[in-house]
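Here is a friendly briefing to keep beside you while you look through this model. Have the sequence and the 3D view ready, and we will go through them topic by topic.

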Amino acid sequence: MNRKKALYQYEFAAMKWFLVAGLACAFFALLILNAEYRLGIPDAYGEMNLVFSDRNYISFSKILMDRLSFLVPATLVAVAFMTIFQFSDYHNRNQREYIVSLPFTQRERFAAKYIVGASILTVVIALFGAGVFVLRSMYFQLMIKYNLVYPEYPVIYGNDTWFHTLRSLLLLWLVIMAAYSVFTLLHSVVTKGIMASLISLGIIVAPAYLLYMSTFYVYSFFEEFFLSYVDEHMWMYTTKQICTAFIGGGFYKTEFLLQSDELINCIDYGNAGAVLLVLLLVLIGFTAAAYIINGRQDGAKFGMLIPIRWIRLIIGIGAAFCLAFPLALLVAFCVGVDGNIIFVTLMHAVICVALALIMKKSEKRLNR
């Protein structure tokens, strides 16, 4: 048997139950989505069900994107567990040294793991997407008939075409694949599986967290300027949409109202193209970095939590900076000056430096 074929068969055999579990979860998600659409269809008397009583019209894409926003965080947690199992031989000294002795390079091993894992995630999302289009064929015509009564029907229909559904599913796939590339890179450079997934989740959430942190400071110091600037510059909304993509906020910007005889609540997809582009760059960048690192580092090296020094330095500084912010808010609250932004800023800087020093001193102990 070809040695590469044997390697791929070995990786798939180890991951086949994750494929089964993923397909089962996709089917369960489709059942929930089906129930959502059934509740959203007007009953025989033409009245909306209570759960959607605050809506003036029914949107297939809006209901889908609302559910995808909840599905993304849950899926990323599942990917975190999957990668712990998938890269378990990277984190076990005996298995790692044994596999290094086999006729496979570490780069070949990584490529096999990545392709198998990416294929499993793609198959699961493809099945879910096929189910979504089945649901669309079942309910979309009924929704369109209900929406015909509104004079803004062309706008409603224009925001709810099959293209928008396909784009939402493509965005879901890119979010999951970009996140998976982050997990694979961290599992390649961190020798503890649980810590690798936890750090990966931290990196994934970091853009939204840093956006909130920067907004807090800018709004506190320049309130009037901040409010007027955000209202006039759409790139602020685009930045928020990009930064929150990994926590389910990339599918649409917000909702807007069209004034006529009635208020019609329409979908604003925001700058979805920019979100797709950034996710694609993250996917390519982290995958390439993981592939290069797996080809250069010593496969038998073991003993430190993060063997590569510059990566250890970046993660340490980032963790200290992020952890210092909530601690600074807590200290300000405890001393009764939580409204004093200058005190919070100074405490953030002091705690950040203190955490960096603590991490530096305890590095050898943590890496044993």
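Phe-27 counts as exposed because its relative accessibility is 52%, and exposed here means over 50%. This residue lies in helix H1, which covers residues 3–40. Please keep in mind that the model is predicted.

- Together with Phe-28, Leu-31 and Ile-32, Phe-27 makes a nonpolar surface patch of about 410 Å².
- For the protein chain as a whole, the accessible surface comes to about 19,700 Å², and 70% of that belongs to carbon and sulfur atoms.

**The chain as a whole**

- The protein chain has 14 helices and 2 strands.
- It has 368 residues, of which 44% count as buried.
- Among contacts in the protein chain with a separation of 6 or more, 76% are between residues 24 or more positions apart.

**Aromatic rings**

- How many aromatic pairs are there? The count comes to 5.
- One of the pairs is formed by Tyr-37 and Phe-60, which are stacked, with 4.5 Å from centre to centre and 0° between the planes.
- This pair links distant parts of the chain, since Tyr-37 is in helix H1 and Phe-60 is in helix H2 (residues 60–86), 23 residues apart.
- A pair of aromatic rings is described by two things, the distance of the centres and the angle of the planes.
- Are these two residues buried or exposed? Tyr-37 is buried, because its relative accessible area is 0%, and Phe-60 also counts as buried because its relative accessibility is 0%.
- Ring pairs bring Tyr-139 into the picture as well, linking Tyr-37, Phe-60 and Tyr-139 into a cluster.

**Arginines over rings**

- Arg-107 lies over the face of Tyr-291, at 4.6 Å from the ring centre.
- Arg-167 lies over the face of Tyr-269, and here the distance from the ring centre is 4.7 Å.

**Salt bridges around Lys-113**

- The count of salt bridges comes to 5.
- In one of them Lys-113 is paired with Glu-11, and the closest N and O atoms are 3.4 Å apart.
- Asp-89 is buried because its relative accessible area is 3%, and Lys-113 counts as buried because its relative accessibility is 1%.
- Which residues belong to the network? Salt bridges with shared partners join Glu-11, Asp-89, Arg-109 and Lys-113 into one network.

- The side chains of Arg-67 and Glu-36 meet in a salt bridge, with 3.0 Å from N to O.
- Arg-67 is in helix H2 and Glu-36 is in helix H1, so to speak a link between distant parts of the chain, 31 residues apart.
- Arg-67 counts as partly exposed because its relative accessibility is 26%, whereas Glu-36 is buried because its relative accessible area is 16%; the cut-off for buried is under 20%.

- Where is Val-190 found? Val-190 is in the loop between helix H7 (162–189) and helix H8 (193–221).
- With a relative accessibility of 2%, Val-190 counts as buried.
- Val-190 and Tyr-90 are 100 residues apart along the chain, while their C-alpha atoms are separated by 9.0 Å.
- Ile-203 has its place in helix H8, and it counts as partly exposed because its relative accessibility is 31%.
- Leaving aside residues up to four places away in sequence, Ile-203 touches Val-182 and Leu-186.
- From C-alpha to C-alpha, Ile-203 and Phe-183 are 9.5 Å apart in space, and they are 20 residues apart in sequence.

Terms used: Residues are numbered from 1 along each chain as its sequence is written. This is a predicted model: local features need pLDDT of at least 70, side-chain atom pairs count only at pLDDT 80 or more; totals for chains, interfaces and linings use all residues. Side-chain values use heavy atoms; hydrogens and water are left out. Patches are made of residues with over 30% relative accessible area and no salt bridge: like charges are joined within 9 Å, nonpolar side chains (Val, Leu, Ile, Met, Phe, Trp, Tyr) within 5 Å. Accessible areas come from the Shrake-Rupley method with a 1.4 Å probe; for residues, only the protein chains shown count as cover. A salt bridge is a side-chain nitrogen of Lys or Arg within 4 Å of a carboxyl oxygen of Asp or Glu. Helices (H or I, at least four residues) and strands (E, at least two) are DSSP runs, numbered from the N terminus. Buried means under 20% relative accessible area, exposed over 50%, partly exposed in between (1.4 Å probe, protein chains only). Rings of Phe, Tyr and Trp (its six-membered ring) pair if their centres lie within 6.5 Å; planes under 30 degrees apart count as stacked, over 60 as edge-to-face and the rest as tilted. A charge sits over a ring if NZ of Lys or CZ of Arg is within 6 Å of the ring centre and within 35 degrees of the ring normal. Contact means heavy atoms within 4.5 Å.
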